[in-house]
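Student: Please take a close look at how oppositely charged side chains pair in this model. Then set that beside the pairing of its strands.

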Amino acid sequence: VRRGATLGANCTIVCGSTIGEYAFIGAGAVVNRSVPAYALMLGVPAKRRGWMCTCGVQLQGSGRIQCTCGTPYQIDDLSCTPL
């Protein structure tokens, strides 16, 4: 589990999976593979449902966006990177 990651109550992480920086795992989710940084993972099995900011706000949109806290991000289908 990398720095800043949030794990919801009663989530299950399968052995050998890496949880990326600032990723959010929803309550009761079952993670059976590695999770990219800033990903929002929900469900059984867990699937990426969006991207999260380091401040805890869900990011909306794609391309170059800015969180309400002012942090800029570059978002595409497979990754979210702070600028």
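Tutor: A residue is called buried under 20% relative accessible area, exposed over 50%, and partly exposed in between (1.4 Å probe, protein chains only). By that scale arginine 3 is exposed, at a relative accessible area of 55%, and glutamate 21 is partly exposed, at 31%. The model is predicted, so local features need pLDDT of at least 70 and side-chain atom pairs count only at pLDDT 80 or more, while totals for chains, interfaces and linings use all residues. Residues are numbered from 1 along each chain as its sequence is written, and side-chain values use heavy atoms, with hydrogens and water left out.

The structure holds 1 salt bridge (a side-chain nitrogen of Lys or Arg within 4 Å of a carboxyl oxygen of Asp or Glu). In this salt bridge the side chains of arginine 3 and glutamate 21 meet at 3.6 Å, N to O. Arginine 3 sits in the segment before strand E1 (6-7) and glutamate 21 in the loop between strand E2 (12-13) and strand E3 (24-25), so the pair ties together parts 18 residues apart in sequence. Strands here are DSSP runs of E, at least two residues long, numbered from the N terminus.

Now the strand pairing. An open sheet is formed by 3 strands in the order E8-E9-E10, with antiparallel pairing; two strands pair if DSSP finds at least two bridges between them. Strand E8 (63-66) and strand E10 (80-82) are at the edges with a single partner strand each, so one side of each has no neighbour in the sheet. Strand E9 (residues 72-75) pairs with E10 over 3 bridges. Isoleucine 75 stands opposite cysteine 80 in E10.

Technical notes. Helices (H or I, at least four residues) and strands (E, at least two) are DSSP runs, numbered from the N terminus.
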